[in-house]
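Please open the model in your viewer and keep the sequence panel beside it. The stops below are meant to be selected one after another.

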Amino acid sequence: MIHKTGDLSILPDASVDLLVNVIEDAKKPTVAAIAGLALGGGLELALASHARIAVSRAQLGLPELSLGVIPGSGGTQRLPRLVGLPKAVEMMLSSRPIMSEEGKEVGLVDAIVPLEELLKVSKQWALDIAARRKPWIRSLHAMDKLGSLSEAHDIIKMARQQAKQTAKNMPQHLACLDVIEEGIIHGGYIGVLKEAKVFKELVASVTSKALVHNFFAQRATAKVPNVTDTGLKPRIAKKVAVIGGGLMGSGIATALILSNIYVVLKEINSEYLLKGIKTVEANIRDLLSRKRLAQDNADKALSMLKGVIDYSEFKDVDLVIEAVIEDVPLKQKIFSEIEKACPPHCILASNTSTIDLNIVGEKTRSQDRIVGAHFFSPAHVMPLLEIVRTEKTSPQAILDLMAVGKTIKKVPVVVGNCTGFAVNRTFFPYSQGAHILVNLGVDVFRIDRLITEFGLPLGPFQLQDLAGYGVAVATTKEFASYFPDRTFHSPLVELLMKNGRNGKNNGKGYYIYKKGSKPKPDPLVLPIVEESRMLTNIMPSGKSIIVTDQEIVEMILFPVVNEACRVLDEGIVIRASDLDVASVLGMSFPSYRGGIIFWADSIGADHVYQSLKKWSQVYGNFYKPSSFLEERALRGIPLSAPASSPSASRSRL
């Protein structure tokens, strides 16, 4: 409501009136009984109590920074006084909860009891406090865990430096540290007053609006008309076959076995199969080394994997995910084979990232079971699962695949069928725009730097280095055949390959890659860039264009917004916020900007439209505004507003 109206007066101020006066400074003790989750306001209420009793594996945390604000109700002041400053700073800045067992170790929880005894023990604890048999602790006044002022100064200074590196463009992290510091220097009560003031400032910020939008947008993806509202129940996938043990196939297999789903990994021969299994094992070892996985869980996961080189194990699988190279005849052959080898209830899914699913499955009779299961690389890490439905895909198949996505801890977003689907279709102009700018004379490394400063983890050229040039060539070819009017043909990638460069794969691309060190821009690539400019010959009068930093970012990202408008107009996504979620989770668009559509609305559709119109007159059709964008801009309607009259093609969803 505050984000819609901008009226901060409706925000209750409970920090002092309720938590300090009524609870913490009361003459009767209060004990918090915690079961399940105590996150944000729940934990803040518990912190103001005089003791905290929890059941086993209850979660406790202050995740407010992930929503663009800071903990309220005295959370920034009480947590450091109960668990110590280092642990409190870690919990608040990471937004990650801890279990009650760890809470007991660090002083946040006083006792852990079985659920059936929780209320009984909590009541007795309160009586014991009143009778002075147990300590009466007012956490806002506790000082013993804070350490000296100089120690606190060093801890906060180090946290500030880290926040500047890891949370660029997000004001809430530094604001939180300022508020904690205020309370340490001037006392907890003064800290609570500053906390309330800063909270109100942050809750009205663009960052908070964006992060809150993203939070609710993710939850909205679970609602799919004519699928989740039909009364159908998802069937559990106990056994899944993955075809292809390459980078994507092994990553998908890893994600499945980590969630206790039995996996059959198929390859064409023993040599490739061994490579695939070794890649899965390497993925598991990596998680072990980073303490993301316990040894017994790793052993269990690997026991869920079986490698095969034929279809004999496919007779009882519930889902097949094809993850071979982007080759239409090969995919069609595989789908014809698995239709015969699998049981009639089995879902036949493809991990294709660009190819139309109707083409993939056109030689089968099981059109209702064919669906896209598009993972993003690395598949066991990236959180998005793009579920692609054709006009014939059954609601049951979609529902079942959504359930698999949730089981393996992905966020499933259901989209319509087209070349590139929602995410890759929307973002194909991203590298295209970057190549246009380079061929217009803009420096490669300046572009990458500005895009990372905007908030994406990698610039378009370093991303190409990582993905491999073969991927860039194949996807450009695919999109060029479907969207020739807005595809730019840059010879740069082919020239790099001709010069023996293949990105990170062989250590040489736009950047130099050496084990143990960060990628470094390679000045030897500049003559190759010059050769590309000579061939394209698009620089006005043969001279580099002069553009500002902001124009560079906009000339790369506004065409992405423009393509997103076409995706919306064609009904490829159910709602605009689905595209926001997909852009954040699939393409690492900065979450604090809300997603591609939310960001475009925040700067105004008219600005996007007028900019593209101006560039299209100078640089050609690539920048030509879509009719959807033009209409919304001229009528002053947000891009995210639902369409009043859906277009005919919207039937695909």
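The tour goes through sheets, helices and annotated spans in turn.

This is a predicted model, in which local features need pLDDT of at least 70 and side-chain atom pairs count only at pLDDT 80 or more, while totals for chains, interfaces and linings use all residues. Residues are numbered from 1 along each chain as its sequence is written, and side-chain values use heavy atoms, with hydrogens and water left out.

Select residues 31-34, which form strand 1, and residues 111-112, which form strand 6: they are the edge strands, each pairing on one side only, of an open sheet of 3 strands with the order 1-3-6 and parallel pairing. Helices (H or I, at least four residues) and strands (E, at least two) are DSSP runs numbered from the N terminus, and two strands pair if DSSP finds at least two bridges between them. Strand 3, at residues 51-54, runs parallel to strand 1 and is joined to strand 1 by 4 bridges, and within this pairing Val 31 has Ala 51 as its bridge partner.

Next, select the open sheet of 3 strands whose order is 2-4-5 and whose pairing is mixed; its edge strands are strand 2 (37-39) and strand 5 (98-99). Strand 4, at residues 59-61, pairs with strand 5 in the antiparallel sense over 2 bridges, and Leu 60 finds its bridge partner in Ile 98 of strand 5.

Why does the length of helix 9 (residues 171-186) agree with what its 16 residues should span? At 1.5 Å a residue the span should be 22 Å, and the end C-alpha atoms are 23 Å apart, which agrees; the expected span is 1.5 Å times one less than the number of residues. Among the buried residues of helix 9 are His 173, Cys 176, Ile 180 and Glu 181, where buried means under 20% relative accessible area, exposed over 50% and partly exposed in between (1.4 Å probe, protein chains only). The cover over the buried residues includes helix 4 (75-83), helix 8 (149-166) and helix 10 (188-203). After helix 9 comes Gly 187, with a positive phi near 105°.

Within helix 8, pick Gln 161, which counts as partly exposed because its relative accessibility is 48%.

**Strand 10 and its neighbours**

Select strand 10 (residues 319-322), where Leu 319 and Ile 321 point one way, Val 320 and Glu 322 point the other way, and all are buried. Strand 7 (residues 239-243) runs parallel to strand 10 and is joined to strand 10 by 4 bridges, with Leu 319 as the bridge partner of Val 240. Strand 11 (residues 347-350) is likewise joined to strand 10 by 4 bridges in parallel, and Ile 321 has Ala 349 as its bridge partner. From strand 10 the chain crosses through helix 15 (residues 328-341) to strand 11 in a right-handed β-α-β crossover, meaning that, with the strands pointing away from the viewer, the path from the first strand over the helix to the second runs clockwise.

**An annotated span**

Finally, select residues 240-265, which an unreviewed UniProt entry annotates as "transmembrane region"; UniProt positions are given in the numbering used here, feature names are shortened, and annotations may be inferred rather than shown by experiment. In the model this span is 46% helix and 31% strand, and its end C-alpha atoms lie 9 Å apart.

Methods
Contact = heavy atoms within 4.5 Å.
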